[in-house]
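Have a look at the model below, then work through each task with us.

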Amino acid sequence: MVIATPLPEDLAAMIVEAEPRIELIREPDLLPPMRFAADFAGDPAFSRTPEQQARFEALLDSAEVLYGIPDVDPAALARTVSANPGLAWVQIMAAGGGGQVKAAGLSDAELDRVAFTTSAGVHGGPLAEFAVFGVFAGAKTLPRLNAQQAEHRWSDRWEMGQVSEQEILVIGLGGIGAEVARKLSALGARVIGTSRRAVEVEGVDELIHPDNISSVIGRVDAIVVTLPGTAETEKMLGAELLAEVKPGVTVVNVGRGTVIDEEALAAALTDGRVGFAALDVFAAEPLSPESVLWDMPNVLVSPHTAALNSAEERRIAELFARNATAFLDGERMRNIVNTVQFY
């Protein structure tokens with residue numbers, strides 16, 4: 001097992017202690033230094049000499065398992081899979097790593113040969129907290145408060161929303177969505193969740209199929225999107241559904257930016273159908289400086305940072321160690337990427 005992304009020494013030791021049957025190969029001088037917690041891409045100023053690059057690729061090409069996508073680069077992943085017929089499994093640092101696998105453009109044979117697992121579930125707590133924060137920011141009219149403070153203006157009082165009295169739609173009840181539902185329910189909100197399967201999720205008062213969102217979207221006070229980005233979910237929250245929302249609804253996205261039609265969202269934010277949007281993810285990242293979303297007073301732009309937490313590296317390493325045991329024992333690993341829908 002070759003470490004292909006920055007990993008602190010203590011976590012490398014923890015992995016080996018948890019599963020001593022593996023041979024973990026880690027060459028820190030071949031990996032970029034981290035600038036902050038969970039900085040798996042590392043310092044962009046880092047570069048390898050030709051000799052170091054040759055050493056790095058030789059390590060990658062000797063691996064049965066990779067911890068991380070090399071340089072978080074789909075092209076590097078494609079090169080490695082092609083050059084290394086013995087590669088059997090790649091652990092991806094991102095929860096939504098299916099998009100990175102898709103971007104590598106691997107052949108059907110390569111996708112059949114190599115298993116890819118993501119870190120789904122690791123980020124549920126931090127992302128759920130951001131979602132709750134976004135719902136509160138909308139209910140408590142954060143844009144108006146910010147504007148009046150900037151103007152040094154003390155206005156008449158106005159009524160704010162009470163999250164405990166709200167009905168909230170959570171689109172997607174995977175690990176993140178389930179945690180969002182649990183937290184919102186604990187605050188007293190009534191939660192509607194979407195799933196293609198008949199599931200029981202703590203905190204969900206009403207379960208609907210995604211195809212039936214239009215039947216409830218007109219009565220909810222907030223919408224939280226937690227879905228992965230796939231062909232099936234692309235622009236799911238688009239002009240048609242946004243035309244049916246309750247005026248002033250709050251929209252929060254902690255899933256993937258492609259799930260929301262950003263042009264349609266901007267139009268709804270302009271005419272008041274959407275009162276506030278808290279967005280941690282966008283269809284194209286970094287968000288273009290030309291995007292109208294930057295300058296909209298009722299939008300909070302977060303640079304895909306809501307999941308970042310000092311415990312993230314440890315949780316991914318623990319997940320990897322558990323999957324390593326399953327891999328060696330011939331059992332099914334957690335979070336295997338669906339290489340048809342790429343989630």
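**Exercise 1.** Find the residues that line the second largest pocket and lie nearest its centre.

*Solution.* Start with the lining: it has 20 residues, and Gly138, Ala139, Thr141, Gly161 and Gly248 lie nearest the centre. (A pocket is an open set of points on a 1 Å grid over the protein atoms alone, where a 1.4 Å probe fits, with protein on both sides within 12 Å along at least five of seven lines; lining residues have an atom within 4 Å of a point.) Next, look at the elements: α6 (124-139), α7 (142-150), β9 (249-253) and β10 (274-279) each give two or more residues to this lining. (Helices, H or I of at least four residues, and strands, E of at least two, are DSSP runs numbered from the N terminus.)

A note before going on: this is a predicted model, where local features need pLDDT of at least 70 and side-chain atom pairs count only at pLDDT 80 or more, while totals for chains, interfaces and linings use all residues. Residues are numbered from 1 along each chain as its sequence is written, and side-chain values use heavy atoms, leaving out hydrogens and water.

**Exercise 2.** Is Thr118 buried or exposed?

*Solution.* First locate Thr118, in the loop between β4 (115-117) and α6. Its relative accessible area is 4%, so Thr118 is buried (under 20%; exposed is over 50%, partly exposed in between, with a 1.4 Å probe and protein chains only). Then list its contacts (heavy atoms within 4.5 Å): leaving out residues up to four places away in sequence, Thr118 touches Gln91, Ile92, Ala94, Ala95, Gly97, Gly98, Leu319, Asn335 and Val337.
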